[in-house]
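Me: I would like to learn how to read a few local features in a model. Please take them one at a time.

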Amino acid sequence: METGGNSLPSGADGVKRKVCYFYDPEVGNYYYGQGHPMKPHRIRMTHALLAHYGLLQHMQVHKPFPARDRDLCRFHADDYVNFLRTVTPETQQDQLRQLKRFNVGEDCPVFDGLYSFCQTYAGGSVGGAVKLNHGLCDIAINWAGGLHHAKKCEASGFCYVNDIVLAILELLKQHQRVLYVDIDIHHGDGVEEAFYTTDRVMTVSFHKFGDYFPGTGDIRDIGYSKGKYYSLNFFNVGLTLYLEIGGGGYTIRNVARCWCYETGVALGMEVNDKMPQHEYYEYFGPDYTLHVAPSNMENKNSCQLLEEIRNKLLDNLSKLQHSPSVQFQERPPDTELPEADEDQDNGDERWDSDSDMDVDEDRKLIPSRVKREVVETDMKDPEVQKGPVEQGRGSVTDETGVDVSPMPIDEPTVKVE
């Protein structure tokens with residue numbers, strides 16, 4: 001087995017990275033239906049590999065707190081969220097109009113526990129963003145997340161809630177800019193659309209382009225208004241590589257292999273190619289190895305085409321307006337992380353009114369030198385949404401009503417893990 005090429009024994013600065021990993025044992029029980037290519041069971045298979053390779057003991061392992069309605073509505077429309085929360089397989093026939101309106105049906109079916117599934121995977125991604133914001137880890141992993149096709153008001157491509165957009169919005173509370181890189185074989189249209197008009201999020205998508213779902217992601221799609229040149233799309237690249245790991249993620253044995261190996265990379269640990277015995281061992285026959293033999297499918301991308309695409313993208317990047325330097329000033333104090341009051345602990349209220357996720361209680365408190373009052377704005381307040389709506393694609397900055405200008409960091413006063 002080749003080693004060293006993709007492994008990361010340590011960071012570039014020689015410092016070992018702290019990794020937090022989000023997993024809910026129930027996530028593999030959700031079932032889209034017979035014959036549906038999307039199988040949450042792949043997440044449980046990945047977890048089994050991580051356990052038997054001994055990787056879990058090198059990470060902070062967290063069960064995500066389910067995202068609440070108001071957390072999902074930071075991006076999604078409240079009537080859409082309410083629909084996801086209330087619809088069931090038994091009642092869906094009485095809501096045909098709403099099923100059509102919210103694009104819920106064949107590709108995005110109604111199944112038992114649909115809303116709980118959305119809450120779980122979204123909670124893991126937002127929880128990872130909160131950990132990163134508070135400096136409690138360097139890398140956050142949520143293999144249940146990444147549902148990048150979901151839109152503000154509708155489901156798409158097996159995706160109902162866009163956990164990526166929600167996590168990026170959380171990161172923007174602490175960070176001035178976020179770079180999002182999407183390596184799925186399908187274009188990351190939901191995330192690109194959400195941030196299409198802002199210069200605070202750059203979306204980079206590597207995908208197959210052409211007569212292929214979702215049909216977006218042309219190299220000419222570069223962003224709009226302030227977001228111009230902040231959307232980059234590289235199409236028809238690396239199809240062979242995607243096929244090696246199971247295409248769009250539906251060959252579950254290969255997905256589990258890939259995610260296990262990538263977790264090892266994040267931890268800076270080489271994992272043995274020979275797979276250990278575990279409860280899903282028979283899925284990986286006949287070779288029972290972690291790595292997959294390369295596909296012999298022809299790569300139809302010519303060198304000339306790839307070079308032209310590369311040059312065009314570099315030309316777009318060269319047109320980005322340089323961000324001016326900021327005069328040195330005292331750094332604002334970090335959010336204080338208070339100890340939980342066990343006498344007032346309420347197991348049903350694990351999140352406070354402003355913080356999206358809980359944080360570790362065994363961390364030392366970060367001293368705060370100022371007092372601040374955090375006032376949550378009403379997203380329906382016309383004062384929040386004043387100003388002309390940018391034309392073009394949907395945008396978090398405008399049409400969704402979510403402001404991605406510098407946000408205050410929420411003061412957590414919550415029960416901690």
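Me: Where is the place of C137?

Reply: This is a predicted model. C137 sits in the loop between helix 5 and strand 3.

Me: Is C137 buried or exposed?

Reply: A residue counts as buried when its relative accessible area is under 20%. C137 has a relative accessible area of 4%, so C137 is buried.

Me: Which residues does C137 touch, leaving out those up to four places away in sequence?

Reply: C137 touches K18, C20, Q60, K131 and L132. A C-alpha distance gives another view: C137 and V19 are 5.6 Å apart in space, C-alpha to C-alpha, while 118 residues apart in sequence.

Me: How are two packed helices described?

Reply: They are described by the angle between their axes and the distance between the axes. Take helix 5 and helix 6 here: their axes come within 8 Å and cross at roughly 20°. Angles under 35 degrees count as roughly parallel, and helix 5 and helix 6 are therefore roughly parallel to each other. The crossing of helix 5 and helix 6 is right-handed.

Me: Which residues make the contact between helix 5 and helix 6?

Reply: Helix 5 contributes Y121, A122, S125, V126, A129, V130, L132 and N133. From helix 6 come D163, L166, A167, E170 and L171. By class, the contact of helix 5 with helix 6 has 9 nonpolar, 2 polar and 2 charged residues.

Me: At what angle do the axes of helix 1 and helix 9 cross?

Reply: The axes of helix 1 (residues 41–52) and helix 9 (residues 252–267) cross at roughly 45° and come within 8 Å. That makes helix 1 oblique to helix 9. Their crossing is right-handed.

Me: Which residues of helix 1 and helix 9 meet?

Reply: On the side of helix 1 they are H41, R42, I43, M45, T46, L49 and L50. On the side of helix 9 they are I252, R253, V255, A256, R257, W259, C260 and T263. By class, the contact of helix 1 with helix 9 has 9 nonpolar, 3 polar and 3 charged residues.

Me: Now to charged pairs. How many salt bridges does the structure hold?

Reply: A salt bridge needs a side-chain nitrogen of Lys or Arg within 4 Å of a carboxyl oxygen of Asp or Glu. The structure holds 7 salt bridges. One of them joins R68 and D71, with the closest N and O atoms 2.6 Å apart. Both R68 and D71 are buried.

Me: Which parts does the salt bridge between K151 and D189 tie together?

Reply: The closest N and O atoms of K151 and D189 are 3.2 Å apart. K151 lies in the loop between strand 3 (139–141) and helix 6 (163–171), and D189 lies in helix 7 (residues 189–194), so the pair ties together parts that are 38 residues apart in sequence. Both K151 and D189 are buried.

Me: With which residue does K173 meet in a salt bridge?

Reply: The partner of K173 is E170, at 3.0 Å from N to O. K173 is buried, with a relative accessible area of 8%. E170 also counts as buried, at 7% relative accessibility.

Me: What should I expect of phi and of peptide bonds in general?

Reply: Most residues other than glycine have a negative phi, and most peptide bonds are trans. N103 has a positive phi of about 60° although N103 is not a glycine. The place of N103 is in the loop between helix 4 (96–101) and helix 5 (114–133), and N103 is partly exposed, with a relative accessible area of 38%.

Me: What is phi of F158, and where is the place of F158?

Reply: Phi of F158 is near 70°, a positive value in a residue other than glycine. F158 is placed in the loop between strand 3 and helix 6. At 13% relative accessibility, F158 counts as buried.

Me: Which residues does a cis peptide bond join?

Reply: A cis peptide bond joins G285 and P286, with omega about 5°. P286 lies in the loop between helix 9 and helix 10 (303–318).

Key
Residues are numbered from 1 along each chain as its sequence is written. This is a predicted model: local features need pLDDT of at least 70, side-chain atom pairs count only at pLDDT 80 or more; totals for chains, interfaces and linings use all residues. Side-chain values use heavy atoms; hydrogens and water are left out. Buried means under 20% relative accessible area, exposed over 50%, partly exposed in between (1.4 Å probe, protein chains only). Helices (H or I, at least four residues) and strands (E, at least two) are DSSP runs, numbered from the N terminus. Axes are lines fitted to C-alpha atoms, for helices over the stretch in contact, and angles run from 0 to 180 degrees between N-to-C directions. Angles under 35 degrees count as roughly parallel, over 145 as roughly antiparallel, 65 to 115 as roughly perpendicular and the rest as oblique. A crossing is left-handed if the near helix is turned anticlockwise from the far one by less than a right angle, and right-handed if clockwise. Contact means heavy atoms within 4.5 Å. Ala, Val, Leu, Ile, Met, Phe, Trp, Tyr, Cys and Pro count as nonpolar, Asp, Glu, Lys and Arg as charged, and the others, Gly among them, as polar.
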